[in-house]
Amino acid sequence: MNNRQLFLQHVAQTSPAPVGIEIVEAQGNYLYDVDGNKYLDLIGGISVCNIGHRHPAVVAAIKDQADKYLHVMVYGELVQSPQVKYAQKLAAHLPTNLNCVFFTNSGTEATEGALKLARRATGRTDVISCNNSYHGSTLGSLSVMGGEYWRNAFRPLMPGVGHYDFNSDELIEAINEQTACVLIETIQGEAGVIAPTPEWITKLRAKCTEKGAILIFDEIQCGFGRTGKLWGFEHYRVAPDIVLLGKALGGGMPLGAFVSSHELMNLFTNNPVLGNINTFGGHPVCCAAGMAGMKALISEGWIEHVSKKGELFKDLLKHPAIRAVRGVGLLIAVELDSPEHVSQTLKRCLEMKLFSDWFLFAANCVRIAPPLTITDEEIASACAILLQCL
């Protein structure tokens with residue numbers, strides 16, 4: 001049996017129609033398959049590879065740490081330099097109230113930890129989230145996910161969750177003295193790139209403060225320069241009580257985190273002790289890789305060009321079949337008339353060695369979220385291929 005057949009037989013599948021190309025190498029903004037084909041990557045591992053695949057600094061950090069030690073003890077028990085340095089680096093680039101990092105293995109674990117922390121801090125159980133939101137796929141994250149199609153098969157879920165439209169007055173009005181937390185994406189990704197108005201997010205912050213509810217911003221997809229600023233919430237000059245990080249956090253390695261204040265985080269240390277714990281969160285190799293990736297992202301100036309590159313995509317993507325192009329920086333949704341049209345277009349793009357994807361709650365949109373290192377020439381080439389496929 002070849003690797004594709006073994007993949008289908010022995011690797012648990014998540015859909016009846018996986019893309020199924022066999023990757024043998026990834027470098028910079030490109031993927032290479034077993035047949036020698038070279039694909040321009042327009043999704044970057046779903047916003048993971050913000051500085052491209054296998055950035056030399058990240059690879060060097062991985063090798064260096066692997067020569068020292070790998071896993072030594074469950075998270076939070078031993079002083080491990082990669083964790084400490086990366087936590088310090090993150091805190092230095094976040095608002096002053098976000099100064100204590102809890103590393104996890106993934107974004108959905110960060111969501112779970114933040115939900116627990118909000119309940120513990122407030123003594124309340126009700127959670128407010130948004131329709132068409134995505135925060136991960138574990139049971140708590142699934143409970144706050146904003147799509148019944150995705151939730152229904154796994155009921156009963158966590159009780160006390162209310163879903164409201166993003167950017168709506170109804171959501172703000174629903175916040176009351178029973179609300180433990182409000183959890184929103186700073187920019188809705190899987191909904192097809194929907195940004196809040198500055199006025200709405202300011203009112204949201206004020207209402208949470210008034211009612212004593214914890215405000216959680218999910219920056220898992222739109223953090224690390226994706227929107228043209230290091231953090232998506234920087235567009236609105238509003239800070240959360242807890243921020244969720246993931247995807248690009250690990251520089252291509254698996255890593256998540258939720259970040260809050262020392263005051264809140266210390267609640268996990270007593271009644272009960274070990275109130276939140278995991279074995280591999282903040283793995284030293286992952287933290288070393290993430291630290292190197294964040295340093296490269298900032299020092300090499302990639303964020304400074306994101307907005308301009310996003311505008312170039314918008315300028316070039318003009319076609320009768322395109323109903324709308326929505327985007328903040330290099331998180332872009334290209335809306336077509338139907339999911340079927342998107343599926344056909346993506347297949348044609350793959351045939352022309354352009355790799356892209358769609359959105360969970362906006363299946364009629366083509367996803368564009370390339371490495372931030374994509375060049376203007378590569379953007380022009382990608383757009384030409386996409387228009388030809390349309």
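I started at the hairpin of β1 and β2, which has two residues between its strands. Gly28 sits in that turn and has a positive phi of about 60°. I am working on a predicted model, so I kept in mind that local features need pLDDT of at least 70.

Entry 1: I checked how β1 (residues 23-27) runs against β2, and found them antiparallel, joined by four bridges. I looked for the residue across from Ile23 and found Asp33 in β2.

Next I followed β2 into β3. These two strands are also antiparallel, with three bridges. I noted Leu31 and its bridge partner in β3, Tyr39. β2 and β3 make a hairpin with four residues between them. In this turn I picked out Gly36, with a positive phi of about 85°.

**Entry 2: Asn37.** I stayed in the loop between β2 (30-33) and β3 (38-41), where Asn37 is found. Is Asn37 buried or partly exposed? I read a relative accessible area of 25% for Asn37, so I logged this residue as partly exposed. Buried would need a value under 20%.

I then listed the contacts of Asn37, leaving aside neighbours within four places in sequence. They are Leu31, Tyr32 and Lys353. Leu31 is the residue I had already paired with Tyr39. I also took the distance from Asn37 to Met352: 9.9 Å between C-alpha atoms, across 315 residues of sequence.

**Entry 3: the open sheet.** I traced seven strands in the order β4-β10-β9-β8-β7-β5-β6. The sheet is open and its pairing is mixed. Which strands stand at the edges? I found β4 and β6 (161-164) there. Each has a single partner strand, so one side of each is left without a neighbour in the sheet. On average, neighbouring strands are turned by 20° against each other, direction ignored.

Within this sheet I looked at β9 (residues 242-245) and β10 (residues 256-260). They pair in the antiparallel sense through three bridges. Leu244 has Phe258 in β10 as its bridge partner.

I also checked helix α9 (residues 198-211). The helix lies across β7 (179-185) and β8 (214-218). I noted an angle of about 160° between α9 and β7.

**Entry 4: the second largest pocket.** I put its volume at about 480 Å³. I counted 21 lining residues, and those closest to the centre are Tyr75, Gly76, Val101, Phe102 and Thr269. Which element gives the most to the lining? I found that β4 does, with four residues. Both α4 (81-92) and β4 (100-104) supply at least two residues. I sorted the lining by class: 13 nonpolar, seven polar and one charged.

**Entry 5: Asn276.** I went to the loop between α10 (262-265) and α11 (284-299), where Asn276 is found. Its relative accessible area is 16%, so I logged Asn276 as buried. The cut-off for buried is under 20%.

What does Asn276 touch, not counting residues up to four places away in sequence? I listed Phe102, Gly113, Lys116, Phe258 and Phe268. Two names tie back to earlier entries. Phe102 is among the residues closest to the centre of the second largest pocket, and Phe258 is the bridge partner of Leu244. Last, I took the C-alpha separation of Asn276 and Tyr75: 9.8 Å, for residues 201 apart along the chain. Tyr75 is also one of the residues closest to the pocket centre.

Conventions: Residues numbered from 1 in each chain as written. Predicted model: local features only at pLDDT ≥ 70, side-chain atom pairs only at ≥ 80, totals over all residues. Heavy atoms only, no water. Buried < 20%, exposed > 50% of the residue type's maximum accessible area, 1.4 Å probe, protein only. Contact = heavy atoms within 4.5 Å. 1 Å grid on protein atoms, 1.4 Å probe; cavity = no way out; pocket = protein on both sides within 12 Å on 5 of 7 lines; lining within 4 Å. Points joined across faces, edges and corners; volume = space filled by probe spheres on them. Nonpolar A, V, L, I, M, F, W, Y, C, P; charged D, E, K, R; others polar. Pairing = 2+ DSSP bridges. Axes fitted to C-alpha atoms, helices over the stretch in contact; angles between N-to-C directions.
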